[in-house]
Amino acid sequence: LGQLEDDMLGRTDEAIAAWREVLAIDPSDLRALAALEGLLDRDGRRDESLDVLEKRALLLEDDDERRATLLKAAAGWDELGDREHARELYERVRASAQDNLLALERLAAIYRDRRGGPMLVEILLERSELVDDVHQQLQLLHEVAQVYERELGDQESAFYVLQAAFNRDDRHEQTRTELERL
């Protein structure tokens, strides 16, 4: 009925109501959730659409598909300006896949904006272990050192992080300069 209301009759509100009725009978109907999500999104009801997307993610059996769906929902909440909701979803992805660079990158951006020093340090260190490029590793370690020094007032930890950066590339001039300064 929901598909008929939308496709043939073009009555979005009635189609949404019909799909909600289907979900009242069977809340785990993935087809109904996907249809409802699409209708709500197309109707400009993005927050409701994202709520449905999250519910759908919970029902997905495939871990990769669930994470991809949660990442999509998190990005949507981030676009709507609900960074806390986005953070929660990115953290759920991180908890299930510590090597998910996208979740770590987005979490770093959120923690950077909110001056979340200890959590930002944790996320950046995780990222530095996952990236293969030594230059990227050094950039991340330098950012960790800056957070320790400037936000957390912990020069000793900043020094140890820069030492780790030096151990990865002892010819990196910025690392040498920062170590000497500290």
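**α8 against α9**

I started with helix α8 (residues 117–130) and helix α9 (residues 134–151), whose axes come within 9 Å and cross at roughly 165°. For the bookkeeping, helices are DSSP runs of H or I with at least four residues, numbered from the N terminus. Axes are lines fitted to C-alpha atoms over the stretch in contact, and angles run from 0 to 180 degrees between N-to-C directions. So α8 counts as roughly antiparallel to α9 (the label needs an angle over 145 degrees; under 35 is roughly parallel, 65 to 115 roughly perpendicular, the rest oblique). I noted a left-handed crossing of α8 past α9, meaning that the near helix is turned anticlockwise from the far one by less than a right angle.

On the α8 side the contact (heavy atoms within 4.5 Å) uses Gly117, Leu120, Val121, Leu124, Leu125, Arg127 and Ser128. From α9 I listed Gln137, Leu140, Leu141, Glu143, Val144, Val147, Tyr148 and Glu151. Sorted by class, that gives nine nonpolar, three polar and three charged residues. The classes: Ala, Val, Leu, Ile, Met, Phe, Trp, Tyr, Cys and Pro are nonpolar, Asp, Glu, Lys and Arg are charged, and the others, Gly among them, are polar.

**Ground rules**

This is a predicted model, so I kept in mind that local features need pLDDT of at least 70 and side-chain atom pairs pLDDT 80 or more, while totals for chains, interfaces and linings use all residues. Numbering runs from 1 along each chain as its sequence is written, and side-chain values use heavy atoms, with hydrogens and water left out.

**α4 against α5**

Next came helix α4 (residues 46–59) and helix α5 (residues 63–79), which pack at about 160° with axes 9 Å apart. That angle makes α4 roughly antiparallel to α5. I got a left-handed crossing here too, α4 passing α5. The α4 residues in the contact include Leu50, Asp51, Leu53 and Glu54, and those of α5 include Leu70, Ala73 and Trp77.

**His85**

Is His85 buried or exposed? It sits in helix α6 (residues 83–96) and counts as buried because its relative accessibility is 18% (buried is under 20% relative accessible area, exposed over 50%, partly exposed in between, with a 1.4 Å probe and protein chains only). Leaving out residues up to four places away in sequence, His85 touches Asp51, Glu54 and Trp77. I found a polar contact from its side chain to the side chain of Glu54 at 2.7 Å, and another to the side chain of Trp77 at 3.5 Å. A polar contact is a pair of N or O atoms within 3.5 Å; within protein, one must be able to donate a hydrogen and the other to accept it, and residues adjacent in sequence count only if both atoms are side-chain atoms.

Ser49 is in α4 and is buried, at 3%. With residues up to four places away in sequence left out, Ser49 touches Glu37, Leu40 and Asp41.

Arg87 lies in α6 and, at 16%, is buried.

**Arg115**

What is the phi of Arg115? I read a value near 55°, positive in a residue other than glycine. Most residues other than glycine have a negative phi. Arg115 is in the loop between α7 (101–113) and α8, and is exposed at 60% relative accessible area.

Notes: Helices (H or I, at least four residues) and strands (E, at least two) are DSSP runs, numbered from the N terminus.
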